[in-house]
Amino acid sequence: MSTYPASFPEHSPRNANYSIDVELDPSTKTMTGREVVTWRNITSKPTSELQFHTYWNAWRNTRSTFMREWLRVNGGTPEAAEVLSRPPSDWSSLDVTAVRLLSGGATAMTDLMPATRYIAPDDGNPEDRTVLAVNLPQAVAPGATVAVEVAWTAHVPRTFRRTGVIGSYYFLSQWFPKLGVLEEAGWNTHQFHMTTEFFSDYGVYDVRLTVPKGWVVGATGVERSTTDTPAGKTVHQFVQEDVHDFAWTTGPDLLVRTSRFEHPRLPAVDLRLILQPEHADQAERYFLATKATLRSYGEWFGPYPYGHLTIVDPAWQSAAGGMEYPTLFTGGSRWLAPATTVTPEGVTVHECGHQFWFGVVGNNEFEHAWMDEGLNTYATGRVIEDYYCSYGVNPDYRAALEKGGLRISGLGDEGEVRIVELPGHPFFLATLFLPQMRSTAGRPHPLLAGYAAAVERAAMTSR
Ligand SMILES: [Zn+2]
């Protein structure tokens, strides 16, 4: 049993820090990257190995663990036939080209490439290349720090599991060699599976993304600088402290909108929305849902601590809808989303909500996905019911209900049906909620407010 801390630390352990340079070449859909990873051993045991996730090898071929699992479930379906017929250029890869030790007791720049090997700690699949182990010439003692430089080239897939390119829209997650987590029992580094979430240590990310000049970039963190290169490209530098991952998006025709969340007792949050041009009219819906979440979760669970948040509206068919990354999440909306559906609000609230569990608590999602997902799903429902409460009657059927003898006796703020009665029947009263679960005196459930208003009206008319 561990005890609840008397006070919380000012920041995370910052023991896995990344300084990354990467260039995206859209003409070949390749990324060329170089990173310096500075890692501190925060366990009580030495280790003579580092383990990296190299997740884009999950879609390298059909023999990866991810694809074997996927085909076991989907094999024989039209979707599988489509995926299997994709040309090699639609698949992905991540090839580490150099690993060098920069510190840690050895002489500068020790070549560690010969000391690398792919391992498969979960299933022993010798064809899986999603975890790369690197032997170190000297063990890293508890409390000691080691720095390694890793260079790689990667091919961007046609979007698979929320990552890749569709048209000219790129969404890039799990894209760089990222350390697993050393625990007291050893490295906790899982292969990429068909159904998986993620687990990493916290640190500081300083990332320089090179893309064609004029392209819009959205990413984890705050944009610190942009620098044009003689080759007609622009380097976008994003920095973020105290996060455990980094995701980004880019494209030539994305729209950017900004807004700001403010609250009397919670810190302000600058919002940046990266929007598909065809969804230009949905900016306010994204902002409203995000602010509703920051407000409610902030009041219930504690303030969102980062001061800024990027919302990414993914391209249609990009399979990139609805996913959370540190200080960034993807919504999901359909072209012509009618105002009466809870999309994109439901997805927005849910993914924004993950910022609090996945983002700040950062438990091992791979092994205990229910903790983040369960708490967040429960809280999502509360926010949606608070702010959108549209599980009501389809307005198209209102006339039919009335014609059938039911009396609509309670309406919500927007005139939507909330309460239905059967006149003359002593008991029959239809409602669609359990408002007593969360209604407070200060913020009564819309159903109760509607009912009170209906009673008042009835009292007035029968006087
Ligand atoms: Zn979720």
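## Exercises on a predicted model

**Exercise 1.** Which residues does His11 touch, not counting residues up to four places away in sequence?

*Solution.* Leaving out those sequence neighbours, His11 touches Glu241 and Asp242. Now place His11 on the chain: His11 sits in the segment before β1 (16-25). Asp242 is 231 residues apart from His11 along the chain, yet their C-alpha atoms are separated by 6.5 Å. Keep in mind that this is a predicted model.

**Exercise 2.** Decide for His11 and then for Glu351: buried or exposed?

*Solution.* Start with the cut-offs: 20 or more other C-beta atoms within 10 Å make a residue buried, and 12 or fewer make it exposed. His11 has 11 such atoms, so His11 is exposed. Glu351 has 28 C-beta neighbours inside 10 Å, so Glu351 counts as buried. Next, look around Glu351, which belongs to helix α4 (residues 345-361). Beyond four places in sequence, its contacts are Gly322, Met323, Glu324, Phe329, Thr330 and Gly331.

**Exercise 3.** Where do the buried residues of α5 fall, seen down the axis of the helix?

*Solution.* First, get to know the helix: α5 covers residues 369-387 and reaches 27 Å from its first C-alpha to its last. Second, list its buried residues: Asp372, Asn376, Ala379, Thr380, Val383 and Ile384. Third, view them down the axis: they fall within an arc of 145°, so they line one face of α5. Finally, compare the two sides. The buried residues of α5 pack against α3 (283-301) and α4, while Trp370, Gly374 and Tyr378 are exposed on the other side.

Conventions:
Residues numbered from 1 in each chain as written. Predicted model: local features only at pLDDT ≥ 70, side-chain atom pairs only at ≥ 80, totals over all residues. Helix = DSSP H or I, 4+ residues; strand = E, 2+ residues; numbered from the N terminus. Contact = placed C-beta atoms within 7 Å. Expected span 1.5 Å × (residues − 1). Arc of directions from axis to C-beta.
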